[in-house]
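Me: Hi! I have a protein model open and I'd like to talk it through in plain words. Could you help me find my way around?

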Amino acid sequence: MEPVIRINPGASKQDIRQRVWDYIEEKNLANFPRPVHNRIPNFKAAFIACARVSELQAFSQTSEVKVDPDKPLEGARLAVLEAGKTLLVPTPRLSAGLFNKIIPPQGANKEQLRICASSQGVKGFSVPVGLDAKVKVDLVVVGSVAVSEKGLRIGKGEGYADMEYAMMSLMGAVNDTTVVVSIVHDCQVVHIPEELKESEDLTVDYILTPTRLIKTDCQHPKPQGITWSKLDSEKLEKIPILKKLCVLEEQAGKDVTLRVMPVAAEPGVPTDRTRTQTRRRPRQNRKQDSEGESKLKNRLPSERKARQPPERVRKESVEGKEDETGEKKEREKVTGGGNVKEGGGEVTSQRKLPLSVTTLYLGDIPAGLRVSELKTALKEREATPLRLTWQGAQHRAFLDYIDHHAADQALKALQDLSVHGQSLRAEMAKNQQGGRRSNRTRPSAALESKTAPDSGTGATTEQ
């Protein structure tokens with residue numbers, strides 16, 4: 001089948017990524033988050049493509065499946081859980097280990113399994129899997145930006161999928177019989193020149209799209225270990241498990257020489273060891289200094305104040321101590337003015353807002369949830385608001401966005417939000433349902449009363 005996207009001769013990996021990302025955006029082929037640039041695209045009909053994973057013989061024969069945490073692979077993670085198989089999901093960006101084993105609640109229904117398959121599953125329903133764990137993975141599912149019918153694959157450029165497979169190889173978790181599958185949109189199947197394939201690149205055996213199941217018959221070998229010479233010390237510091245593996249490899253007598261990053265010379269800074277002279281202030285006559293000080297003391301206080309530069313008013317975020325519930329109180333300190341405002345029952349994230357904002361209501365917040373945890377969840381969903389008004393005692397919060405479009409995008413992203421195993425309810429604030437915008441004045445100009453959609457009483461927050 002002829003690829004939809006034509007790749008120009010001599011194109012680099014980044015050229016191919018850019019071409020695919022641009023095409024998906026131009027044709028509106030992706031769901032939230034948008035734009036898809038620098039991401040594994042969450043393409044439309046991803047669940048249809050993911051459902052094809054159960055058609056593979058390797059799927060029926062395996063008991064442990066590793067699926068990447070990308071949003072378009074959520075359907076594949078759900079299929080693994082529904083089939084009663086063990087689901088292993090890599091830690092995002094390998095920040096805290098290699099794997100997380102998803103453990104659904106006993107007797108979980110389909111809705112609970114769907115939550116476990118989402119990004120919240122790694123947080124609320126998982127246990128870490130160490131390097132010394134006995135894991136045998138027969139099927140690996142990865143996301144891609146582009147793949148070819150010959151089995152070549154291009155990710156988003158950070159190399160995490162390749163590195164994860166190499167680590168699994170060192171652990172003995174994968175071997176030559178392990179099947180690698182990539183799930184993409186039809187347009188992401190393109191021609192990838194053979195010369196772009198590098199030794200550490202992961203290849204795929206099957207490609208699943210909303211309309212096709214492609215067997216690649218790829219002859220290229222998969223990574224058998226980590227190519228340490230292509231990594232630097234900075235990468236090891238960012239990925240603790242990689243650093244641990246490096247020590248184990250070195251103890252085993254293997255060459256773990258890292259790449260040395262060249263130090264770029266700063267403009268205007270000499271590159272040799274020539275000592276630079278420091279400029280010194282000229283010494284003034286002590287008599288003149290003492291006379292000047294006496295004149296300053298003899299001035300009237302009003303004169304001295306008039307000659308002093310005005311105090312700079314600077315806002316800085318100050319974190320207070322944790323209260324009895326473990327929640328950190330946030331306050332805003334204005335230096336120079338002398339006013340300090342501290343939140344009591346509510347915590348409001350202060351920012352300078354535009355003349356009008358659109359507000360979302362977030363309800364059914366579980367007891368014990370910290371505002372910092374909610375902020376993290378919003379950030380992961382790329383739904384960070386301009387301001388967050390926290391009303392934990394009422395199990396709700398209000399999220400302000402710059403306009404109606406931004407609020408709509410955030411609302412879509414938050415529809416399946418679950419924290420601590422409990423689904424949160426996200427919708428437009430009551431005074432904005434029906435598509436009407438909120439025409440609030442600037443925070444410094446008025447007090448605003450926000451009302452939850454399901455209650456007649458609202459909490460007033462000083463804006």
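Me: Thanks! What kind of model is it, and how are residues numbered?

Reply: This is a predicted model, so to speak of local features we need pLDDT of at least 70, side-chain atom pairs count only at pLDDT 80 or more, and totals for chains, interfaces and linings use all residues. Residues are numbered from 1 along each chain as its sequence is written, and side-chain values use heavy atoms, with hydrogens and water left out.

Me: How many helices and strands are there in the chain?

Reply: The chain has 13 helices and 22 strands. Both are DSSP runs numbered from the N terminus: helices are H or I with at least four residues, and strands are E with at least two.

Me: And what share of the residues counts as buried?

Reply: Of the 463 residues, 44% count as buried. Buried means under 20% relative accessible area, exposed means over 50%, and partly exposed is in between (1.4 Å probe, protein chains only).

Me: What about the accessible surface of the chain?

Reply: That comes to about 26,300 Å², and 49% of it belongs to carbon and sulfur atoms. The areas come from the Shrake-Rupley method with a 1.4 Å probe; for residues, only the protein chains shown count as cover.

Me: Now the sheet. What is the strand order in the open sheet of eight strands?

Reply: The order is S4-S3-S2-S1-S5-S8-S9-S10, with mixed pairing. Strands S4 (126-129) and S10 (213-215) stand at the edges with a single partner strand each, so one side of each has no neighbour in the sheet. From one strand to the next, the twist averages 25°. (Angles run from 0 to 180 degrees between N-to-C directions, and axes are lines fitted to C-alpha atoms, for helices over the stretch in contact.)

Me: What holds strands of a sheet together, in general?

Reply: They pair through backbone hydrogen bonds, either parallel or antiparallel. Here, two strands pair if DSSP finds at least two bridges between them.

Me: How do S1 and S5 run, parallel or antiparallel?

Reply: Strand S1 (residues 64-67) and strand S5 (residues 139-142) run parallel and are joined by three bridges. For valine 65, the bridge partner in S5 is leucine 139.

Me: Which helix packs on that sheet?

Reply: Helix H4 (residues 74-82) does, touching S1, S2 (86-90), S3 (99-102), S5 and S8 (179-183). The direction of H4 makes about 150° with that of S2. Contact here means heavy atoms within 4.5 Å.

Me: Let's look at S8. Are the residues of S8 buried or exposed?

Reply: Five of the five are buried, so S8 is largely enclosed by the rest of the structure. Val179, Val181 and Ile183 point one way, while Val180 and Ser182 point the other way.

Me: Which strands does S8 pair with?

Reply: S8 pairs with S5 in the parallel sense over four bridges, and three bridges join S8 to strand S9 (residues 206-208), also running parallel. Valine 140 has valine 180 as its bridge partner in S8, and valine 181 has tyrosine 206 in S9.

Me: What does valine 181 touch?

Reply: Not counting residues up to four places away in sequence, valine 181 touches Leu56, Leu139, Val140, Val141, Val142, Tyr206 and Leu208. Valine 181 is buried, with a relative accessible area of 0%.

Me: Switching topic: which residues of H5 are buried?

Reply: In helix H5 (residues 110-117), Leu113, Ile115, Cys116 and Ala117 are buried. The buried residues of H5 pack against H4, S3, helix H6 (119-124), strand S18 (418-419) and strand S19 (422-423).

Me: Last one: which side chain joins glutamate 164 in a polar contact?

Reply: Lysine 66, at 3.0 Å. A polar contact is a pair of N or O atoms within 3.5 Å; within protein, one must be able to donate a hydrogen and the other to accept it, and residues adjacent in sequence count only if both atoms are side-chain atoms. Glutamate 164 sits in helix H7 (residues 160-171) and is buried, with a relative accessible area of 5%.
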